[in-house]
Amino acid sequence: RRAVEYARRAGAQAERSLAFEDAARLYRVALAALDRSGEGEPEARLDLLLALGDILNRGGEVPGARATLLEAYEAGIAKDLGASRELAQAALGVGGRMSWSRPGFETRLIPLLQDALVHLGGADDALRVRLLTRLACAWRSTPEQRAQSDALSRQAVELARTLDDPASLSYALSGRFWAIWWPENPSERLV
């Protein structure tokens, strides 16, 4: 237990110092210590997996981040704990840090985002804005989903405007720009 807590604190300190590789190593040490202890602490495991996935994404190691966050998601830890915010964070991280990124070969991204939206419900509007934006951008490359992409990004902007949170509004507006990136609407994107 002490080793886990020490590694977690040291990883958080390294993260604040932008020492992403060190932070990732320390989070892995904490996960290994947790596994060795044999104590089934699902909350601690979930926290460490989310922290590791986030730091890997921030350090540019997207495939490692994706695998880590999928482990957190697919293990069902967050669902079992009723941790809808953590579930949403894992789903957002699977697609990388950029709201406009397309799913590419990651076929699980869109279902994960949809599932996270359902589980989040109305619990956290700022996080809901991010999920809606990310889902809208993920669908932008699919011609049959244009209307859905437009509607979701519009909904995200409207919700963000009610929050009085500049970060959420900025994320939603930027995502709207990318979600409706089609050849026939440059004037709409300029606005």
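## Basis of the description

The model is predicted, so local features need pLDDT of at least 70 and side-chain atom pairs count only at pLDDT 80 or more, while totals for chains, interfaces and linings use all residues. Residues are numbered from 1 along each chain as its sequence is written, and side-chain values use heavy atoms, with hydrogens and water left out.

## Overall fold

The protein has 11 helices and zero strands. Helices (H or I, at least four residues) and strands (E, at least two) are DSSP runs, numbered from the N terminus. Along the sequence the pattern reads α-α-α-α-α-α-α-α-α-α-α.

The C-alpha trace spans about 55 × 35 × 30 Å along its principal axes. For 191 residues, a compact globule would have a radius of gyration near 16 Å, and the 18 Å of this protein agrees with that. The radius is taken over C-alpha atoms, and the globule rule is 2.2 Å times the number of residues to the power 0.38.

## Surface and contacts

Of the 191 residues, 46% are buried. Buried means under 20% relative accessible area, exposed means over 50%, and partly exposed lies in between (1.4 Å probe, protein chains only). The protein exposes about 10,000 Å², and carbon and sulfur atoms supply 53% of this area. Accessible areas come from the Shrake-Rupley method with a 1.4 Å probe; for residues, only the protein chains shown count as cover.

A contact means heavy atoms within 4.5 Å. Among contacts between residues at least 6 apart in sequence, 58% join residues at least 24 apart.

## Helix α9

Helix α9 covers residues 146-161; at 1.5 Å a residue its 16 residues should span 22 Å, and its end C-alpha atoms are 23 Å apart, which agrees. The expected span is 1.5 Å times one less than the number of residues.

The buried residues of α9 are Ser-149, Leu-152, Ser-153, Ala-156, Val-157, Leu-159 and Ala-160. They cover an arc of only 165° around the axis, which puts them on the same side of α9. The arc is that of the directions from the helix axis to the C-beta atoms. An α-helix has 3.6 residues a turn, so residues three or four places apart point the same way. Ala-147 and Arg-161 are exposed on the other side of α9. The cover over the buried residues includes α8 (125-139) and α10 (166-179).

The 18 residues of α2 should span 26 Å at 1.5 Å a residue, and the end C-alpha atoms are 26 Å apart, which agrees. Among the buried residues of α2 are Phe-20, Tyr-27 and Leu-34. Gly-38 follows α2 and has a positive phi, near 75°.

Helix α6 is mostly covered, with eight of its 11 residues buried. These include Ser-84, Leu-87, Leu-92 and Val-94. The buried residues of α6 pack against α3, α4, α5 (77-81), α7 and α8. Gly-96 follows α6, and its phi is positive, near 95°.

## Salt bridges

Side chains of opposite charge can pair when their charged atoms come close. A salt bridge is a side-chain nitrogen of Lys or Arg within 4 Å of a carboxyl oxygen of Asp or Glu. The whole structure holds seven salt bridges. Asp-35, Arg-45 and Glu-71 are linked in a network of them.

Glu-61 pairs with Arg-28, with the closest N and O atoms 3.8 Å apart. Glu-61 sits in the loop between α3 (42-58) and α4 (62-74), and Arg-28 in helix α2 (residues 20-37), 33 residues apart. Glu-61 is partly exposed at 38% relative accessibility, and Arg-28 is partly exposed at 39%. Arg-85 pairs with Asp-124 at 3.3 Å between the closest N and O atoms. Arg-85 lies in helix α6 (residues 84-94) and Asp-124 in the loop between α7 (109-120) and α8, 39 residues apart. Asp-150 and Arg-176 meet at 2.7 Å, N to O. Asp-150 lies in helix α9 and Arg-176 in helix α10, so the pair ties together parts that are 26 residues apart in sequence. Arg-176 is buried, with a relative accessible area of 11%.

## A buried arginine

Arg-134 is found in helix α8. Arg-134 is buried, with a relative accessible area of 1%. Not counting residues up to four places away in sequence, Arg-134 touches Leu-92, Gly-95, Met-98, Ser-99, Ser-101, Leu-109, Leu-113 and Tyr-171.
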